[in-house]
Amino acid sequence: TELKLRGERIIQACPGKDMVLAATEAYIGGGTTPGKTIPSLALSIRSRTKANTLADKFRAWRPPIIGRVQENDFLLDLRTIPPDRDTFLATAINTIVK
């Protein structure tokens, strides 16, 4: 529920951007729990810019924002972004996504 509310607020802060919340799985660790996942939500971003190019632009942001490409969408898993960075994230989205 918290991830959904955060995602909805970020989407509202980014008017005109083609974004939706997408159900996803987050990996919880490597050493002691390899391959284990938990349900999560991601911002799924579409743009005229290719998803791989979006990923590069977000990685070049300071500090870098790391997401993943899935099909034609760029995904930012909200479980991996601290809530106090939501405004920072919205600013990056509004600047990068065309």
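**View 1. One aromatic pair, and a charge over a ring.** This structure, a predicted model, holds one aromatic pair (Phe, Tyr or six-membered Trp ring centres within 6.5 Å). Elsewhere in the view, the charged end of R85 sits over the ring of F88, 4.3 Å from its centre; the cut-offs for that are NZ of Lys or CZ of Arg within 6 Å of the ring centre and within 35 degrees of the ring normal.

**View 2. The open sheet.** Four strands (DSSP E runs of at least two residues) line up as β1-β2-β4-β3 with antiparallel pairing, where a pair needs at least two DSSP bridges. β1 (18–27) and β3 (68–70) are the edge strands with a single partner each, so one side of each has no neighbour in the sheet. Zooming in, β2 (residues 37–46) and β4 (residues 73–77) pair over four bridges, and S44 stands opposite L75 in β4.

**View 3. The core around I93.** The largest nonpolar core has 21 residues, with I45, F58, L76, L89 and I93 having the most contacts inside it. Such a core is a set of buried Ala, Val, Leu, Ile, Met, Phe, Trp, Tyr and Cys residues joined through side-chain atoms within 4.5 Å, buried being under 20% relative accessible area with a 1.4 Å probe, protein chains only. Its largest share, five residues, comes from α3. I93 touches (heavy atoms within 4.5 Å) residues including I10, M19, F58 and L76, leaving aside those up to four places away in sequence.

**Notes.** Numbering starts from 1 along each chain as its sequence is written, and side-chain values use heavy atoms, without hydrogens and water. Local features need pLDDT of at least 70 and side-chain atom pairs count only at pLDDT 80 or more, while totals for chains, interfaces and linings use all residues.

Methods:
Phe/Tyr/Trp six-rings, centres within 6.5 Å; stacked < 30°, edge-to-face > 60°. Buried < 20%, exposed > 50% of the residue type's maximum accessible area, 1.4 Å probe, protein only.
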